[in-house]
Structure formats: C-alpha cells, structure tokens
Amino acid sequence: MTPWAYIPQLFSAGITIGAIYALVGLGFVTIARASQIINFAQGEFVMLGAMITFFLLKGGGLPYPLAALVAVILVVIIGFLLHITVLYPLRKASIPILLMATLGASIFISNTTALVFGTLPRTLPAFLGNQPLQIGGIFIVPQSLFVLGATFLLLISLYLLSHRTLLGKAMEASSTDPLGADLLGISRNLMVFLAFGVSAGMGAIAGIFITPIFYTSYHAGTLIGLKGFVAAVLGGWGKNSGAILGGFVLGVVESLSIAFIPSGYKDAVAFVILLLILYFRPKGILGSPFIDSRRW
Amino acid sequence: MLRIKKLTVHYGPLRALKEISLEVKRGEVVALIGPNRAGKTTLLCTISGILETTEGRVFFQEEDITNLNPHKIVSRGIGHVPQGRHIFPTLSVLDNLMMGAYITRKSKGEIQGNLEWIYELFPILKERKEQRAGTLSGGEQQMLAIGRALMGGPKLLLLDEPSMGLAPRFTEEIFAAFKEMNRRGLTLFIVEQEIHLSLAISHRGYLLRNGRLIKGGPSSSLIESHEVKALCLGEDMSKYLVQRSGI
C-alpha cells in the first residue's frame, strides 16, 4: 500500500487529537485574554484531570462519572490555587517573570504528581469499549466520537459564557480594557482568577476524554501543553476561533506526517510549524489582537 | 461630600501632587482646571483608587476612602469617566452600559430606570444599542462612557476631559447633559481643558499647576483672576501660534 492509502484513516485520527489541542489552546487563550499571561502549566491540568480520575477510579473505587466529576472539580481548585499562590503575588511583575513562574509551576506540578501517583504511565477505560466502528473505509474508536462531542459541548459552553452572561462579558471587558473595567469596579484580579478556573476545568475534561485513546503520565502534560500553545499561536494568538482552528490544523498535519516521515518524528512537526509561523506569519492564520498587523 | 486633605502622590521618585486640599459639596458642579501635566488626571485617579497616595487622606461622605480598591470606591457611589473614554470596543453599546451596573447589585427595575434616563440624556445610544461600541464616533463613545458611569447610580461623578477631541456639536450636547444631571441632584467634579466652558457650568473651581493648588473659589470670580487669565492667554497664544505655523 502507498502512504496515500492511509490518509483518510490518519485524517480522522488527526481530527480527534486536534480537538484536544484546540481545548488546550483555548485554555491558553482564556488566560492570556484575561491577563496577558502565557500559562505554561496549562498542559498539567490535562494530565491532572486524567491522573486524578485514574486514582479515584482504581484506588477510591468511585463510579467512573463521579470520579471524573470530582477530578474536574479538584483540578479547577488547583487552577484557582495556582493563581492565588503563584500569579496573584506576582501581579505587578513583568511578563517574562510571569512566564518563568508558570514554567516553574508546571515543573512543580508534574514532579509532585510523580511523587504522589508514581511515574508509571496510566490509562483510563474507554467509555463504550474499544471495538472500532467502521464508517466508509475508516475505522474509528467510539472514544473519538466522545472526544469530538465533548469538545463541541465545551466550545458551545464557552461561547455561551462569553456572549450570553454578564460574567463572560465582564471577563471580555476586563481583558480588552483593564483600566476601563477597574473604574467600573470590575476586579481584574477576580476575572483572572476565574479564567484560571475555567482553563483548568477545560484542561481536565480534555485529559479525561483523551486518555482512553492515549496514555498519560506525570510528564505528559508538558508536551500536550506545548502543542496546545502551538495551536493557539498557529490559529492567531488571543483568539478563541484561532485556537480551535489551530488545534484541528495541527492535529491533522501532525497525524498526516506519519504517512511520510517516521512516526518518531511526529512530535517535532508541531515545533517546526511553530518556527515557521513565527518566521513567516506571527499573527497566525486568523490574525491576532495582540500582534500589530501593520508590521506583518 | 468629597473632602481631600493634604494629598501627595508620587510616580516613583517624581512628585505628581503636593499637599492638595479641596472639597466638593453635595449638589455642586466643581471644575478643576490647569495646564497639561498639572496633575489633574492623577488627582482623579487617586480619588477612584487607581493610584495610591503617598500622604494625605480622601474622605467621601465622611468615610475615609484613601487607597481603597477601585471596586470598593465604585460601590461607595463614585463614578469615573476617564480621559480617552476606555469603552469596551468589542461589546455592544447596551453591554457596555450593563457593565456599568455590574457590581452595584441593583434591581432589574432600577437598572431599567437608569437605562431610560441615559437614553433620555443621549438618545443616540438607544438607536445604537445593538451596535459594537468600537464602531461609534468619538462623540458617541464619550456619551457611552458617561452613560456607562451613570449606570452604577453614582452620587459623585468624576469627569476627565470630557470635551477632548470632540466636535463642538457633541461638546454642547454633553455639557447640556451635565447641567441636566446636576439639576437631578448629581454632584460633578470636572477636569477640563476648555476653561471657559467648564467654569461656565460649574459653581466653583480650582486651579492646579505643577501638582499644587494655586487658587480656588466661585467660578465667576475665578475666571476673572489673574492666574486663570494668564492660563487662558497661554492657551490662546499657543492656538494662535499653531494656526500661524500651519501645523
């Protein structure tokens, strides 16, 4: 068989992982829009969601849905704590210092996870078994459909939060004009705090849905976090729609690359894309509100 | 209503305000005039908690509000329309207005009442309520910024250069609205570059220069004072020179 024969199959796998990159990228964008912070601990939320669910399921004996729900709540609390203990005390610091702080937090979270949960890779059971469905000539595991469904529901929820609630509009107001929002009594610190909770929750859900297909381990968050960041930059840094588009494009390109290059190099594809986009189009596919379009 | 006692503010090592003391009484319109970089915006930002004081106190309705967070100051009843408007361009006009009532916990009826009043003051905002705020003209954006501050139901409104960059038609409309707001009991503290305009609608005024209060008193006598005439002459002279040089 030629590599082209695998393209439809690889494309469908790319859509699944692309959905997860989109969610992680949205987590980056949600925090960046509220605070200009690039939270490099975003991938740790994905890893923690899966790890905590695993231990509540296996160790705690909780039913799967309850374990997942408790894990999401715990990760949201960890997101809040990350803001309160690391970023709020540094609220007057420069962006590079905040960036280093989130990198430090990422290392701290992954190493603490290794100490608490061990270093072995873990996986979660698929929601509806592992028997692949055949659609046309493509085999799809049912979990992929759950990933796409959850991504779709989260995107709708985020859209409704941003556009249909006063809280979402206050977050938008605080991100577009912090001084104007401050003068109306909309606390920027509270909005950033809430953004950390929303991002942590999205990351945890992404982790729970994707882990039955891939595995997770204490260091898995770093790579998926970086890929989510690449997705957000690729689509247009600071734009929700950019993170979604960037996530799917990255997932599909990365997956299709397996047909042409050894699969061991797959992870390098995302970083080659990052380099190319930074060289040739830093504002991303859809443009970025944070990057001056006149210069590019 | 607002009492400021010996207020000093620094930007790093630079002293922006030195021992400012002034008072705004309930129901008054008070103007603060002065040349550029006199410290007028700094004073308003210090009252509303954006900047911290080095020394001195700020009292509002006999309560010490010095260095409180901006959201606590808004909830006490002080609204602030900043220089440069600072509207939220991606939100609609109506959403911008609703943000003004975000933390004041008013009932739906009160919010609706405030909205009706704002639409009465600035009918164009009602016409454009679904439009994105970033697409409004400069004058309409200024009306929106004022309306947004009114949504919180303030007792005292701080206005920073409300006529800056506006066509005369909009300036007239906005100053007519200030008169109406004051007629309905709202106390106004206006920082304004248009000296004649601000002293014409205010009961009292203060002159600020280099971070110090030079003079204060009833607007009618202030406008006749040597210091204010010198300031006006300086402005007229600079306008004349700009016109002559064709810049």
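Predicted model: local features only at pLDDT ≥ 70, side-chain atom pairs only at ≥ 80, totals over all residues.
**Figure 1. Overall make-up of chain A.** Chain A contains eleven helices and two strands. Read from the N terminus, its elements follow the order α-α-α-α-β-β-α-α-α-α-α-α-α. Along the principal axes, the C-alpha atoms occupy a box of roughly 65 × 50 × 35 Å. The radius of gyration of chain A is 19 Å, which agrees with the value near 19 Å that a compact globule of 296 residues would have.

**Figure 2. Burial and contacts within chain A.** Of the 296 residues in chain A, 47% are buried. A residue counts as buried here if 20 or more other C-beta atoms lie within 10 Å of its own. Among contacts in chain A between residues at least 6 apart in sequence, 74% link residues at least 24 apart.

**Figure 3. Overall make-up of chain B.** Chain B has ten helices and ten strands. Its radius of gyration is 18 Å, close to the 18 Å given by the globule rule for 247 residues, so chain B is as compact as a globular protein of that length. The C-alpha trace of chain B spans about 50 × 45 × 35 Å along its principal axes. Buried residues account for 43% of the 247 residues in chain B. If contacts in chain B are taken between residues at least 6 apart in sequence, 67% of them join residues at least 24 apart.

Figure 4. Strand S1 (residues 2-11) and strand S2 (residues 14-24) of chain B run antiparallel and are joined by seven bridges. Which residue of S2(B) is the bridge partner of B:His10? The partner is B:Arg15. Another such pair is formed by B:Arg3 and, in S2(B), B:Glu23. Two residues lie between the strands of this hairpin, and B:Gly12 takes a positive phi near 60° there. In a regular strand, side chains alternate between the two faces of the sheet.

**Figure 5. The open sheet of chain B.** Four strands of chain B make an open sheet in the order S2-S1-S4-S5, and their pairing is antiparallel. Why is one side of S2(B) and one side of S5(B) left without a neighbour in the sheet? S2 and strand S5 (63-64) of chain B stand at the edges and each has a single partner strand, so one side of each has no neighbour in the sheet. Helix H1 (residues 40-47) of chain B packs on this sheet and touches S1, S2 and strand S4 (55-60) of chain B. The direction of H1(B) makes about 65° with that of S2(B).

**Figure 6. Helix H1 of chain B.** Is H1(B) mostly covered or mostly uncovered? H1(B) is mostly covered, with eight of its eight residues buried. The buried residues of H1(B) include B:Leu43, B:Leu44, B:Cys45 and B:Ile47, and also B:Lys40. After H1(B) comes B:Gly49, which has a positive phi near 85°.

**Figure 7. Where chain A touches chain B.** The contact involves 15 residues from chain A and 22 residues from chain B. On the side of chain A that touches chain B, the elements giving two or more residues are helix H6 (166-176) and helix H7 (178-183) of chain A. H6(A) gives the most to this side, with six residues. By residue type, the side of chain A that touches chain B divides into seven nonpolar, four polar and four charged residues.

Key: Residues numbered from 1 in each chain as written. Chains lettered and ligands numbered in written order. Contact = placed C-beta atoms within 7 Å. Nonpolar A, V, L, I, M, F, W, Y, C, P; charged D, E, K, R; others polar. Rg over C-alpha atoms; globule rule 2.2 N^0.38 Å. Buried ≥ 20, exposed ≤ 12 C-beta atoms within 10 Å, placed from the backbone. Pairing = 2+ DSSP bridges. Axes fitted to C-alpha atoms, helices over the stretch in contact; angles between N-to-C directions.
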